[in-house]
Amino acid sequence: MSASLEPEIVARLEQRYGEGCVVSVSSDHPVEPPTGLTLSDGTVCRIRRLRPSGDWIARATSDERMRAYQIASSGLLRSLPAGVSTAVVDAVALPVGAAVIERVLPDTPPALEPLLVGLARLHSAFVGFPARLTAELGLSPLAAWLTLYAPATLQRHPEAPAEIAERWDALRARMPSMWARLEPTFGSPTVMVEALRTCPATILHGNAIPGNVAATGGGVVLGDWSQAVRGPGALDLGVVLVGHAETVSGRLSEAIEIYRAERGRVGRLPSSGEVWERELRLGLIAGLMRSGWRLGGHVIAEAFERYLD
């Protein structure tokens, strides 16, 4: 018999959706609290229970404030621009920690255009958002975000999946020139951070990989805001280009242009000239720092290297 849903979660959902709104629950373990639920309207949700610095990613990114909960309960997501929505259904404080309830998104990559257009609108909407107003959200420190999956970080957190280090090794062996480009930035992220600070800063989703994003008829849906960070918009672009390698393969220039053109249309962020070119180059490098291990021997790694040369 599965453990019961916490009364705080039930009360919050019934306050919003009405009594009896939770029609079923599911659990990954028979004696653990439910990790999934279905609402009376058919919405299938996952429950993410958080604790300050609760797992290796939270510890590596100094997540003492449970940023996914802070973002979900702050009202920030109610300010998303047209064409961008969130998978977050609600957020609840628990006696120990908190819970974020999100719609389950498909693991398959979404269509590229609505994702890149949506991110360009997100970045344009939040550009210039004062850092003091985001301090309470506990956004990821930029250096920690950049080096989350770096070999040295993985060594400090042995509970991280061993596959990540193995896939870095595969990339190093297959593309030593790319590894030679990345290794110094891993060792000294401060240089990269200082360079990024010369570009306009906005609020980034930080982890728009398959499973965290979905395309709909009305735009893009973003879930799991636990790695949100403040920085130039091209960082999200870089994560998408690497993290969605199968979709982007053969379309790297086209994908960049989709994002750039929407920024230009909105008109709040640079989309041409030296400032844009510098931001783009830094964003591509950041994407490789964050997600290059996902490439292994993927052909798009060579396209990235050609683009950066």
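**Figure 1. Leu5 lies in the segment before helix H1 (7-17).** Helices (H or I, at least four residues) and strands (E, at least two) are DSSP runs, numbered from the N terminus. The model shown is predicted, so local features need pLDDT of at least 70 and side-chain atom pairs count only at pLDDT 80 or more, whereas totals for chains, interfaces and linings use all residues. Residues are numbered from 1 along each chain as its sequence is written, and side-chain values use heavy atoms, with hydrogens and water left out. Leu5 counts as buried because its relative accessibility is 13%, where buried means under 20% relative accessible area, exposed over 50% and partly exposed in between (1.4 Å probe, protein chains only). Setting aside neighbours within four places in sequence, Leu5 is in contact (heavy atoms within 4.5 Å) with Val10, Val22, Val25, Pro34, Leu37, Ile47 and Arg49. One of these partners, Leu37, is 32 residues apart from Leu5 along the chain, and the two C-alpha atoms are separated by 9.2 Å.

**Figure 2. An open sheet of 5 strands runs in the order E1-E2-E3-E6-E5, with antiparallel pairing.** Strand E1 (22-26) and strand E5 (88-93) stand at the edges, and because each has a single partner strand, one side of each is left without a neighbour in the sheet. From one strand to the next, the twist averages 25°. Two strands are said to pair if DSSP finds at least two bridges between them; strand E2 (residues 36-39) and strand E3 (residues 44-50) pair in the antiparallel sense over 3 bridges, and Gly36 has Arg46 in E3 as its bridge partner. Helix H1 packs on this sheet and touches E1, E2, E3, E5 and strand E6 (98-103), its direction making about 135° with that of E5. Helix H3 (residues 67-74) also packs on the sheet, touching E3, E5 and E6, and its direction makes about 110° with that of E5. Axes are lines fitted to C-alpha atoms, for helices over the stretch in contact, and angles run from 0 to 180 degrees between N-to-C directions.

**Figure 3. An open sheet of 3 strands has the order E4-E9-E8 and mixed pairing.** Its edge strands, each pairing on one side only, are strand E4 (84-86) and strand E8 (213-216). Neighbouring strands of the sheet are turned against each other by 30° on average, direction ignored. E8 pairs with strand E9 (residues 219-222) in the antiparallel sense over 4 bridges, and a hairpin joins E8 to E9 through 2 residues. Within this pairing, Ala214 has Val221 in E9 as its bridge partner, while Thr216 stands opposite Gly219 in E9. Helix H4 (residues 112-126) packs on the sheet and touches E4, E8 and E9, with its direction at about 75° to that of E9.

**Figure 4. The largest nonpolar core has 84 residues.** A nonpolar core is a set of buried Ala, Val, Leu, Ile, Met, Phe, Trp, Tyr and Cys residues joined through side-chain atoms within 4.5 Å. The residues with the most contacts inside this core are Leu146, Trp168, Trp225, Leu241 and Phe304. Not counting residues up to four places away in sequence, Trp168 touches Tyr149, Ala150, Pro151, Leu154, Trp179, Leu182, Phe186, Leu288, Met289, Gly292 and Trp293.

**Figure 5. Helix H10 (residues 189-196) packs against helix H14 (residues 273-291) at an angle of about 145°, with the axes 11 Å apart.** The contact is made by Met192, Ala195 and Leu196 of H10 together with Leu282, Ile285, Ala286 and Met289 of H14.

**Figure 6. The buried residues of helix H15 (residues 300-308) are Ile300, Ala301, Ala303, Phe304, Glu305 and Leu308.** What covers these residues includes helix H8 (162-174), helix H9 (176-187), H11, H12, helix H13 (252-266) and H14. His244 is found in the loop between helix H11 (234-243) and helix H12 (245-248), and His244 is buried, with a relative accessible area of 2%.

**Figure 7. Cys21 is buried, with a relative accessible area of 1%.** The closest cysteine sulfur to that of Cys21 is in Cys45, at 9.5 Å, which is too far for a bond. A search of the whole structure finds 0 disulfides, a disulfide being a pair of cysteine sulfur atoms within 2.5 Å.
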